[in-house]
Amino acid sequence: MQTPRAILFDLDGTLADTAPDLTAAVNLMRSKRQLTEVPYLSLRPFASAGARGLLGAGFDIKPEHPDYEAMRIEFLANYEGAIAVHSQLFADVTQLLQGIEELGLPWGIVTNKATRFTMPLQPLLGLQNAACSISGDTTPHAKPHPAPLLEAARQIGIKPEDCWYVGDDLRDIQAGQAAGMFSIAAAWGYCGATEPTHWKADAILDSPLELLELIRAKHSQRTSP
């Protein structure tokens, strides 16, 4: 476990609990079709998987279906129109980020969320201090490809191997490891259809404060005589 010089985070399900607004966008579509709403707890695990995951859970539809693209556009329009009604940072994330800043470490965001959603959402959630913000359309590839994480490291001027990446989805761990970063599963997040124990993450942590404790411990080792 290398000592971090920067901490990078996924957004949905890692820093922010955006599931209420994402799932509401799906259920608005169902309501317009005179369908009953899908229970929130049934949709919540798919919030980190974007339109593909939420439409799959809400309508049992896959990207190859002829109606998928029109439904994806409708879903995104619904979400954009109510992007931060109920979304908020997870408990103790503010303390986590303040603690990282107090150590003099930069932190940034690497998400598969498109720029059109990421940029307006960040200030609404109090995440405007991010040293970098890499969206799903910033590079030609999205996670699990390592390109977004490598671009984040380039922008903040830190070698990838000196960065930690934290995320709540298997794709986050795959991307982080492909980029050569120490990769941490955020078990407090949505985590999708498979348990983090199966992701082969370098570490699995249960809370933001547990992460802060680990960062502080490694940082003190680096700065001690």
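**Exercise 1. Which backbone nitrogen does the side chain of D172 reach? Describe the surroundings of D172.**

Two conventions come first. The model is predicted, so local features need pLDDT of at least 70 and side-chain atom pairs count only at pLDDT 80 or more, whereas totals for chains, interfaces and linings use all residues. Residues are numbered from 1 along each chain as its sequence is written, and side-chain values use heavy atoms, with hydrogens and water left out.

Step 1. The side chain of D172 reaches the backbone nitrogen of D168 at 3.1 Å.

Step 2. D172 belongs to helix 8, residues 170-178; helices (H or I, at least four residues) and strands (E, at least two) are DSSP runs, numbered from the N terminus.

Step 3. With a relative accessible area of 3%, D172 is buried, where buried means under 20% relative accessible area, exposed over 50% and partly exposed in between (1.4 Å probe, protein chains only).

Step 4. The side chains of D172 and K143 make a polar contact at 2.7 Å, that is, a pair of N or O atoms within 3.5 Å; within protein, one must be able to donate a hydrogen and the other to accept it, and residues adjacent in sequence count only if both atoms are side-chain atoms.

Step 5. Not counting residues up to four places away in sequence, D172 touches D10, K143, Y165 and G167, contact being heavy atoms within 4.5 Å.

**Exercise 2. In what order do the six strands of the open sheet stand? Identify its edges.**

Step 1. The order is 5-4-1-6-7-8, with parallel pairing; two strands pair if DSSP finds at least two bridges between them.

Step 2. Strand 5 (133-134) and strand 8 (203-205) each have a single partner strand, so one side of each is left without a neighbour in the sheet.

Step 3. Strand 7 (residues 182-186) pairs with strand 8 in the parallel sense over three bridges, and I184 stands opposite A203 in strand 8.

**Exercise 3. Is D17 buried or exposed? Locate its partners.**

Step 1. D17, in strand 2 (residues 16-17), counts as buried at 14% relative accessibility.

Step 2. The side chain of D17 makes a polar contact with that of Y190 at 2.7 Å.

Step 3. Leaving aside neighbours within four places in sequence, the residues in contact with D17 include Y40, R44 and H86; D17 and H86 are 69 residues apart in sequence but 8.6 Å apart in space, C-alpha to C-alpha.

**Exercise 4. How many disulfides does the structure hold?**

Step 1. The structure holds zero disulfides, a disulfide being a pair of cysteine sulfur atoms within 2.5 Å.

Step 2. For C163, the closest cysteine sulfur, in C132, is 8.4 Å away, too far for a bond.
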